[in-house]
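Please give a short tour of this protein chain for someone who has not seen it before.

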Amino acid sequence: MKALILPVNRDNWSQTKGYELREVAAPTLDESRDPEDARRVLLEPLYAGVCGTDKGIWFRKAFRESILHHLEQDQRDHFVVGHEMLGRITALGSEIKRAGRFHVGQVVSAESHIYCGRCPMCLAGDQHVCANERIIGVTWDGVFAEKVKLPANVLWPTVLEKIRPEVAAVQEPFGNAVHVCTPNMRGSDLSQSEMRGKTVAVFGCGTIGLFSILIARALGARKIIGIEPNAKNKEKALQCGADQVIAPSDQSAEEVRAFTEGYGADYCLEMSGFPSSLVQAIKGARRGGHIVLFGLSSGDVTIPQFEDMITAGKRLHSIVGRRVFSTWEITKQILEDRANGIQDQVWKQVLNEGKGTILPLAEFTKERFESNLLQHPKTLVSIGRL
Ligand SMILES: [Zn+2]
Ligand SMILES: [Zn+2]
């Protein structure tokens, strides 16, 4: 089968860049060799999303240790990349066939964090922080391929009459933003939305920031301010429902306060990964407010006047992945409700209505993939036919 792969090892990691289109062996279900295959399925990806994780791997800026560790542990010299997917089931392991929940031909998306289901975190319902997790396209063969093998417990059935396929392919990153906008929520009952009537500041209006603005609006936020330097993203943030967008500076927190009747925002969403932005997000939150951390920066961050954060009762939340599957259930409700217009906005503002944002796998070139990575909030690799 054709696949985009990453051929890396400890020696060549920093000298290489990008992915390669190669002919590799397709995965198979063979329960006599691996009994776990009884609980897995084979899929044919239709569309696969390209995201920040892929950008980090493309430029060898992220995931070095986890990738090299797993390649060495599995004694391999390459793996298939890509983790956001809409696909069609082509074969089922024996246990999955017997259980009857999935069938061949069914269209599904997938949670990208493969969880064990047995560790204390999984048993407590916190599969998104599983102690034994593997991540599709990072430490498990990914979806930029004509075939992929996945455990059935990460599959999320998707009805294409309700969500257009290109948007259905980005439910996983959209779900990240849903998780960001529901840091304290456990269930999926939207009438319990914690954002109803609240003020929200979104620090960084890239892909997940734009999703967050759409979602915060849908969840009833009263006022939304974006903090974003890029003119194109600024315009998109306004289109997605931000009331105002300001440029980042060491005065951002003051501007957020002015925007929120002098108190500070109920929710500051830190999506940029810049330490300076984190400092402003903490400062810009009201007393008792929530600072939601999603943007990644490596290394150290200094928080000035740390004690002020504590004595003001500000609450920090780190967001990783999605809650399995309550975040997916909220994602489904928001996207399937055509009246809120969000599906159309995702298609328009994030996927640019498919113009220049859909790359057929067989036509992969490094130049085109890289220019898409740098130009568009979201690109899709199209693989199988619908
Ligand atoms: Zn992603
Ligand atoms: Zn686990």
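Domain bounds come from an automatic or database domain assignment. For this chain the assignment gives domain 1 (2-170 + 351-382) and domain 2 (185-318). The centres of domain 1 and domain 2, taken over C-alpha atoms, are separated by 30 Å.

The model is predicted: local features need pLDDT of at least 70, side-chain atom pairs count only at pLDDT 80 or more, and totals for chains, interfaces and linings use all residues. Residues are numbered from 1 along each chain as its sequence is written, while chains are lettered from A and ligands numbered from 1 in the order in which they are written.

**The whole chain**

The chain holds 14 helices and 18 strands. Both are DSSP runs numbered from the N terminus: helices are H or I with at least four residues, strands are E with at least two. The radius of gyration is 21 Å, close to the 21 Å that the globule rule gives for 386 residues, so the chain is as compact as a globular protein of that length. That radius is taken over C-alpha atoms, and the rule is 2.2 Å times the number of residues to the power 0.38. Along its principal axes, the C-alpha trace spans about 65 × 45 × 45 Å.

Of the 386 residues, 46% count as buried. A residue is buried if 20 or more other C-beta atoms lie within 10 Å of its own, exposed if 12 or fewer, and partly exposed in between; the C-beta atoms are placed from the backbone. Two residues are in contact if their C-beta atoms, placed from the backbone, lie within 7 Å. Among contacts between residues at least 6 apart in sequence, 70% join residues at least 24 apart.

Helix H7 (residues 207-218) has 12 residues. From its first C-alpha to its last it reaches 17 Å, close to the 16 Å expected at 1.5 Å a residue. The expected span is 1.5 Å times one less than the number of residues. In H7, 12 of the 12 residues are buried, so the helix is largely enclosed by the rest of the structure. Among them are Gly 209, Ser 212 and Arg 217. Just after H7, Gly 220 takes a positive phi of about 95°.

A nonpolar core is a set of buried Ala, Val, Leu, Ile, Met, Phe, Trp, Tyr and Cys residues joined through C-beta atoms within 7 Å. The largest one here has 104 residues. Phe 144, Val 200, Ala 201, Val 202, Ile 213, Ile 215 and Leu 269 touch the most other members. H7 gives the most to this core, with 8 residues. Domain 1 and domain 2 both give residues to this core, so it lies between them. Ile 215 touches Ala 177, Val 178, Cys 181 and Ile 334, not counting residues up to four places away in sequence.

**Helix H9**

Which residues of helix H9 (residues 252-259) are buried? They are Ser 252, Ala 253 and Val 256. Seen down the axis of H9, its buried residues fall within an arc of 100°, so they line one face of the helix. The arc is that of the directions from the helix axis to the C-beta atoms. These buried residues pack against strands S11 (199-203), S12 (223-227), S13 (244-246) and S14 (265-270), and against helix H10 (275-284). Glu 261 follows H9 and has a positive phi, near 55°.

**Loops and single residues**

Phe 63 is partly exposed, with 17 other C-beta atoms within 10 Å. Glu 353 counts as exposed, with 11 C-beta neighbours inside 10 Å.

A cis peptide bond joins Val 324 and Phe 325, with omega about -5°. Phe 325 sits in the loop between strand S16 (315-318) and helix H12 (326-336).

Gly 299 is in the loop between strand S15 (285-293) and helix H11 (306-311). With 5 C-beta neighbours inside 10 Å, Gly 299 counts as exposed. Gly 299 and Pro 275 are 24 residues apart in sequence and 9.5 Å apart in space, C-alpha to C-alpha.

Asp 344 lies in helix H13. It counts as partly exposed, with 13 C-beta neighbours inside 10 Å.
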